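Here is a structure to read through a few plain questions. Each answer sets a value against a definition.

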Amino acid sequence: MSIGGFSRAAAIAGIGATEFSKNSGRSEWQLACESVLAALDDARIGVEEVDGFALFTMETNPEIAVARALGIPELKFFSRIPHGGGGACAPVQQAALAVASGVADVVVVYRAFNERSGHRFGAGPPPFAYNANTDQEYRNWINPYGLLTPAQQEAFLARRYMQQYGVTSADFGQISVLSRKHAANNPKAWFYGRPITIEDHQNSKMIADPLRLLDCCQESDGGQALVIVSTERARDLPHPPAVISAAAQGVGPQQISMSSYYRDDIDVMPEVELVAKQLWAQSGVDPGGIDAAVLYDAFTPMVLLQLEEYGFCGRGEAKDFIADGNLELDGRLPINTNGGQLGEGYIHGVNGIAEGVRLIRGASVNQPAKTLDNVLVTGGSPVPHSAIVLSVDR
């Protein structure tokens, strides 16, 4: 199969979610099942037709449990992707590959957790972090220096980026203000009706210098699911297909989870560049052909770095690209129109994929006026990375 052999062969035909809250009041298993049923209903596909799942390794609700609870009779395909938010888009790649190759016909991707009312990622290393294995070995090198949480680990990169390119905290704050503006218009967002100003950002609590509270994504309870079928079948379903024209993963040299500090330049993310190259080759478009994006916004500085790595602007130019209004709804590259993980909810980036689908359908609550042919959706950084390009069916 050539590098683009599965391009446009599969599409996202259904999306579904629970509410995004701070205390769901029910199990993660129930959240997973609710979101899967909602996505199948959106696609008008019965549970009995599901024959595949693609998930995160961090997902606590295994495919066998969800299949059993929903009465799915058998599965022909199931896979797991590691690296947390960096793998956000990779399950969609796995689903597309399975559908395109004929291994499965209806593959569901879901992510469900009580990340606010249960274990909070921002509370420090989880219990499994102390396992004596190479998967967690990197923590031995960073934890003794106080880099215990994702915010602390990414703050290290952010401070270097500020020093290298003259970026300020207020430059990061522009991302937070924009996300909250979009969330304020999204009834499903936790921060619906609650925009902020740059002054609010600058006055918010310092969490890990230079990251303030409003630079950090939410901790949320909730579930989000996606249904992937062949593009041919999707054309006969209720909604316009969100065609998967490209999907890629990437690991760069000297890759360490969250802390690739042994590279010559710690603010260069070769794994993101590798993914970008694959996306452009598969989809046949370049950054100029991307009309909107949902960029993984666990922390605001990573949005600036991704803008540069994906080629929307040069290194160190993201702050000016943002200041010129390029990310606004009427700008060159509208982003995170649902409010992102800063404003809508943190469902490990899968809710961002759903927003990408809505943008292709023309159904976002903050739909840009211009025609959208191609939408980029990215996973987290600086970890092993993944991303997809969703396109209109032409």
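Q: Which residues of α6 and α10 meet each other?
A: Phe172, Ile175 and Ser176 of α6 meet Thr300, Pro301, Val303 and Leu304 of α10, where contact means heavy atoms within 4.5 Å. This is a predicted model, in which local features need pLDDT of at least 70, side-chain atom pairs count only at pLDDT 80 or more, and totals for chains, interfaces and linings use all residues. Residues are numbered from 1 along each chain as its sequence is written, and side-chain values use heavy atoms, with hydrogens and water left out.

Q: Why are α6 and α10 called roughly perpendicular?
A: Helix α6 (residues 169–183) and helix α10 (residues 300–309) pack at an angle of about 95°, and their axes are 8 Å apart. Angles of 65 to 115 degrees count as roughly perpendicular (under 35 is roughly parallel, over 145 roughly antiparallel, the rest oblique). α6 and α10 are therefore roughly perpendicular to each other.

Q: What makes Arg233 and Glu49 a salt bridge?
A: A salt bridge is a side-chain nitrogen of Lys or Arg within 4 Å of a carboxyl oxygen of Asp or Glu. The side chains of Arg233 and Glu49 meet at 2.8 Å, N to O, and form a salt bridge. Arg233 lies in helix α8 (residues 231–234) and Glu49 in the loop between α1 (28–43) and β2 (52–56), so the pair ties together parts that are 184 residues apart in sequence.

Q: How many salt bridges does this rule give?
A: The count comes to 21. Among the residues involved, Glu19, Arg26 and Glu34 are linked in a network of salt bridges.

Q: What is the N to O value for the salt bridge of Arg394 and Asp373?
A: The value is 2.3 Å. The pair links distant parts of the chain, 21 residues apart: Arg394 is in the segment after β11 (385–392), and Asp373 is in the loop between α13 (350–361) and β10 (374–378).

Q: Is Arg394 buried or exposed?
A: Buried means under 20% relative accessible area, exposed over 50%, and partly exposed in between (1.4 Å probe, protein chains only). Arg394 has a relative accessible area of 72%, so Arg394 is exposed. Asp373 has 29% and is therefore partly exposed.

How values were computed:
Axes fitted to C-alpha atoms, helices over the stretch in contact; angles between N-to-C directions. Helix = DSSP H or I, 4+ residues; strand = E, 2+ residues; numbered from the N terminus.
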